[in-house]
Amino acid sequence: MVAASLSILVIDENRIRAAVIEAGLRDAGHERVMLIHDVTGIAARIAELEPDVIVIDLENPNRDMLENMFQLSRTVKRPIAMFVDRSDRASIEAAVEAGVSAYVVDGLRQERVKPILDMAVSRFNAFSRMARELEEARGELQSRKQVDRAKRILMQSRGLSEEAAYALLRKTAMNQNRKISEIADSLITAAGLLGPQEGTDDGA
Amino acid sequence: MAPEHHVNAAFLPLFDSAVLVAAREIGFAEREGVELTLHCETSWANIRDRIAIGHFDVAHMLGPMPIAGNLGLTPLSSETIVPFALGLGGNCVTVSNAVWAGMAAHGAKPDLDPAGAGAALGRLIRERQGSGLEPLRFAVTHPHSGHKYELSYWLAACGIDPQRDIDIVVVPPPFMADALAAGRIDGYCAGEPWNSASVVRGTGHIATVKAAIWKNSPEKVLGVRKAWAEQNADALSALLRAMHLSARWCQDAGNRPELAKLMARPEFLGLPPDMQMPILSGELNVGGGVLRRVEDFFLPFDKAANFPWKSHALWFYTQMVRWGQVAHSPANAAIARDCYRPDLYRAALKPLGVALPGANAKVEGALGTATPVGSAGASLVLGPDGFFDGEMFDPDRIADYLERQSTSLAAD
């Protein structure tokens, strides 16, 4: 069943995420994928592109504008409905949870569109996971740097070895029921207030 | 003490979310045993979708939005009810400097008078049509909004056909001022502070205000997922009491500086406190350094501002019919009527012994002046609630009203 392939428009201001979705759709054999990052003048673009399916991220504040446009036959030749099937509750929930919404040309068969929405949902989720992991990795790197700075301060000001400095930070954190990185932050702040410290110099 | 109830609420960054925001931030919800979590959203469509799938229990909504959803006019919806209104008034119609100059050349004065401004705009539009120019483009915030209906009502009453003589597009409120400055639109109807935003930048002029087109008219409401309301009646009552106390606090002139500061915070409007003052004081800089004081510009509490009048719901419904969004039928009118729930408002507030309207609906436009009315408990003042063209809306005679409106344009 090789019907004419559907044209899919992805509207996302986040270029990286848009590229991730585009790659997913192309991998799944969709050739006609278009990306729009900037919604200025989008009515004219949609009229010109005539997409069968529109995928848009939920952070986009222009959803109200787009839905209004879809309802006006003047700007869009074919009526566009939301989601694959209003009664498919699970799909709708999965899409909203993932932060994506889809609009399809009325009359399009559900089984043709469902895989597209599923793909968009899984790619949105993958992107969010990637972004979260990157954020966590960044946070971890940052706290490791802070602990190293705090160790240097202790080594210089109290003449401790590196192990002893770390042991002191760890013991203090345990006693106060706080994270090591928090103790390190406090120590760096205090050291900064108490006077110039070579140990706080990050230039090295 | 652990809170008794948990409520997830969504809002859009607009000043008329203030009653909901203050209910949490000033502590009224907590005092009523409600842990109120606020979620800032980016579009009405998101609020609609996420209330439908249960992420939110209640939300700041455009007054006509839950009616449109219950009528099946939106791509996704859940049955939503309105037991509380978030205020009266608050919107303006702002036009570009070029359009204002054209209107002024045709006799418009910076007095916000809807009849004068509309007549001048009509002459400008006919002059432009005569020269073969493109129609002016006005933006509203949503197809099912007070903004769309009051703009259309005002234009139609001034002999301008909003579906033929101008283009109406949708733009998110925070982008209105930019779109006007960039020339993508020629005017817009939006809530504050997005009108003052154009005036302050020197790129727009306020032509008229909602409070003059229809005095003390409905705007935003608290939309509640019906299934949640039915399963959490106590939580809803406690929330409505907190909202009532919050609304009273928001109305108190003594709290204006604190409220302006609260709404200015980045998680709410993220705009300086002095930008929040025009909506609170009703003293508007309309452009060109002209200051105007507007009576009842925005009321978060006074004049029974929180009472969900069925006549307000039905007026919104008549405008949906008028502009071709839905066909009139007794069943559809009943859906609109049943969407607003004064019974729930009364039941929740009764223990507080406060003034409550005795009727569920009123003839809109019948009160020429502020009028004390009979009510349960303490005294209550309503109105004025007049339309600028002197029309009246009797919610018991919908067909007559629709008939008059369908011929009013053609007769011009």
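A:H37 is exposed, with 11 other C-beta atoms within 10 Å; on this scale 12 or fewer such neighbours count as exposed, 20 or more as buried, and anything in between as partly exposed, with C-beta atoms placed from the backbone. This is a predicted model, so local features need pLDDT of at least 70 and side-chain atom pairs count only at pLDDT 80 or more, while totals for chains, interfaces and linings use all residues. Residues are numbered from 1 along each chain as its sequence is written, and chains are lettered from A and ligands numbered from 1 in the order in which they are written.

**Around A:H37**
- You'll find A:H37 in the loop between β2 (33–36) and α2 (42–49) of chain A; helices (H or I, at least four residues) and strands (E, at least two) are DSSP runs, numbered from the N terminus.
- Setting aside neighbours within four places in sequence, A:H37 has contacts with A:D12, A:E13, A:R15 and A:A18, a contact being two C-beta atoms, placed from the backbone, within 7 Å.
- From A:H37 to A:L49 it is 12 residues in sequence and 15 Å in space, C-alpha to C-alpha.

**Chain A overall**
- Chain A has seven helices and five strands, in the order β-α-β-α-β-α-β-α-β-α-α-α from the N terminus.
- Of its 204 residues, 33% count as buried.
- Among contacts in chain A with a separation of 6 or more, 63% link residues 24 or more positions apart.

**Helix α5 of chain A**
- Helix α5 (residues 110–158) of chain A has 49 residues and should span 72 Å at 1.5 Å a residue, which agrees with the 71 Å between its end C-alpha atoms; the expected span is 1.5 Å times one less than the number of residues.

**Strand β11 of chain B**
- All six residues of strand β11 (residues 220–225) of chain B are buried.
- One face carries B:K220, B:L222 and B:V224, the other B:V221, B:G223 and B:R225.
- Strand β3 (residues 58–62) of chain B runs antiparallel to β11(B), joined by five bridges; pairing takes at least two DSSP bridges.
- In that pairing, B:A59 has B:G223 as its bridge partner.
- Strand β4 (residues 80–85) of chain B is also antiparallel to β11(B), with four bridges, and B:A85 stands opposite B:V221.

**Where the chains meet**
- The contact draws 15 residues from chain B and 17 residues from chain A.
- On the chain B side, helix α3 (residues 44–52) gives the most, with five residues.
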